[in-house]
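Please read the following briefing alongside the sequence and the coordinates. The points are grouped by topic.

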Amino acid sequence: MVNQLKDLKKVARGGNTLTPVYARYAMEHAVPKFELADKELSSATAYNLIHDELMLDGNARLNLATFVTTWMEPEAEKLMAETFDKNMIDKDEYPFTAMIEERCVNIVSRLFNAPQTGVGASAIGSSEAVMLAGMALKWRWRARMKKKGKKAEKPNIVMGNNVQVVWEKFARYWEVEPRYIEMEPDQYTITPKSVIETVDENTIGVIAILGVTYTGGYEPIEAIHKALAKHNAATGHDIPMHVDAASGGFVAPFLQPDLKWDFRLPLVKSINVSGHKYGLVYPGVGWVVWRSQEDLPQELIFRVNYLGGDMPTFTLNFSRPGNQIIGQYYNFLRLGREGYTRVMEGLRETAMYLSESIEKMGPFKLISRGDTIPVFAFALKDTSHYSVFDLSDKLREGGWQVPAYTMPPKLQDLSVLRVVVREGFSRDLADMLLDDLKKAVAFFEKETGHKPKASGGHFAHL
């Protein structure tokens, strides 16, 4: 018996057919977590160690907190796996990856009705895209002030306090004063009036959101544009707009094609959108496009002699895989307008089915319905003996991740649950969620002596 165990250990160390017994035989010594081990492990052992720990993560398909894509077709996954090793910045070495990136920029530009196509860049999500767009706004403002013979010392940017945290980062990193418009009760977006009251000649741009993360709602972009155009004409200012379409940019063109929010509005100079949200690509890929070449200051574009080629680049990152771009192009080819429309209609139907069913349950009031992007938020009518935070915790026992959070300042007394419906979330899963939500409500309704759980902190920007 002792000899048999020795033989098994030898086989396990060699990584041959008995590697599934790694926990009993291959792991003769503990492996340090925070420093390099002295000896190597077999590939199977290393895989299994990491795989087992990751099993304790939440199930991505049941994560209704994130906007990020958690399901793609096998063919897309295969293409992306085949292109992990391509550094998309090496355009001379990978000319077809570069060509596909250029095609995607043109597709996005045309989707957003740009008068000139192909002025844009890929990015690692909308976070980098926002930084690039914000830099262009600041540089253009500085040029305008110089042309007028005025100092360019105190730039500001106007936006709601419902923006994604990356805009706060931009303002801090690039020394721009953030001017936040506060949300009001039953008013979860900025308004034309509030914008005009906040801007001045030092405003580098007004940020409007197509798909607010708190509720999924669209800000009234066309109305803001009309008010801002009138203001510019009266004051001589030249304040532009940027649309943060991270969540709604790949939804509105297919579900609300007549809605004017994009380059059909002359003051909209740039738009960012997340390919890894409703662009239906695994993270992380984003896009930023400009109305025209004139709206992207040339001094921000670097020309780099890299690996034998002259390469123009406007990016905060240099080395990154090209596979997300390939995944995006796969979706563009695979789905087309018809396919994207079908997917978005299906997601909207599921979101509205869920929101209507939750409203009919009785204890809840809807903050939004999922009829813009397929996202909605809802609150409890009565929080006397349990809260949305209690419900969120209870749902997590069944694997569901439904975030509970407080709304921005002035609305912090309002706490909500939010559901993001993404590709891969079926009507069957929706019914399962409803069943578990009903059970959670029934549980707390019986616990009349329960003390409601308060917020664990201010949710801002999932």
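Which residues does proline 257 touch, not counting residues up to four places away in sequence? Proline 257 touches Ala252 and Arg264 on that count, where contact means heavy atoms within 4.5 Å. This is a predicted model, in which local features need pLDDT of at least 70 and side-chain atom pairs count only at pLDDT 80 or more, while totals for chains, interfaces and linings use all residues. Residues are numbered from 1 along each chain as its sequence is written, and side-chain values use heavy atoms, with hydrogens and water left out.

- Proline 257 is placed in the loop between α10 and β6, with helices (H or I, at least four residues) and strands (E, at least two) taken as DSSP runs numbered from the N terminus.
- At 45% relative accessibility proline 257 counts as partly exposed; buried means under 20% relative accessible area, exposed over 50%, and partly exposed in between, with a 1.4 Å probe and protein chains only.
- Proline 257 and glutamate 201 lie 56 residues apart in sequence and 33 Å apart in space, C-alpha to C-alpha.
- Proline 253, by contrast, lies in helix α10 and counts as buried at 12% relative accessibility.
- Leaving out residues up to four places away in sequence, proline 253 touches Leu111, Phe112, Gly248, Trp261 and Arg337.
- The C-alpha atoms of proline 253 and asparagine 113 are separated by 9.8 Å, although these residues are 140 residues apart along the chain.

**Aromatic pairs and charges over rings**

- The structure holds 14 aromatic pairs, a pair being rings of Phe, Tyr and Trp (its six-membered ring) with centres within 6.5 Å, counted as stacked if the planes are under 30 degrees apart, edge-to-face if over 60 and tilted for the rest.
- The rings of phenylalanine 112 and tryptophan 261 have centres 5.1 Å apart and planes at 70 degrees, so this pair is edge-to-face.
- That pair links distant parts of the chain, 149 residues apart, with phenylalanine 112 in the loop between α5 (95-111) and β1 (120-123) and tryptophan 261 in the loop between α10 (252-255) and β6 (268-274); both residues are buried.
- Phenylalanine 332 and tyrosine 340 form a tilted pair, at 6.2 Å centre to centre with 50 degrees between the planes; phenylalanine 332 is buried with a relative accessible area of 13%, and tyrosine 340 is buried with 2%.
- One aromatic cluster is formed by Trp167, Phe170, Tyr173 and Trp174.
- The charged end of arginine 427 sits over the ring of tyrosine 353, 4.1 Å from its centre, the criterion being NZ of Lys or CZ of Arg within 6 Å of the ring centre and within 35 degrees of the ring normal.
- Lysine 394 lies over the face of phenylalanine 443, at 3.8 Å from the ring centre.

**Helix α13**

- Helix α13 (residues 427-446) has 20 residues and reaches 29 Å from its first C-alpha to its last, close to the 28 Å expected at 1.5 Å a residue, where the expected span is 1.5 Å times one less than the number of residues.
- The buried residues of α13 are Leu429, Ala430, Leu433, Leu434, Leu437, Ala440, Val441 and Phe444.
- Seen down the axis of α13, these buried residues fall within an arc of 145 degrees, so they line one face of the helix; the arc is that of the directions from the helix axis to the C-beta atoms.
- Lys439 and Lys446 are exposed on the other side of α13.
- The cover over the buried residues of α13 includes α11 (323-360), β10 (364-366), β11 (375-380) and α12 (388-396).

**Glutamine 328**

- Glutamine 328 is placed in helix α11 and is buried, with a relative accessible area of 0%.
- The side chains of glutamine 328 and tryptophan 287 are joined by a polar contact of 3.1 Å, meaning a pair of N or O atoms within 3.5 Å, of which, within protein, one must be able to donate a hydrogen and the other to accept it, while residues adjacent in sequence count only if both atoms are side-chain atoms.
- Not counting residues up to four places away in sequence, glutamine 328 touches residues including Cys104, Phe250, Trp287 and Tyr340.

**Backbone features**

- A cis peptide bond, with omega about -5 degrees, joins proline 283 and glycine 284.
- Asparagine 113 has a positive phi of about 65 degrees although it is not a glycine, and is partly exposed with a relative accessible area of 34%.
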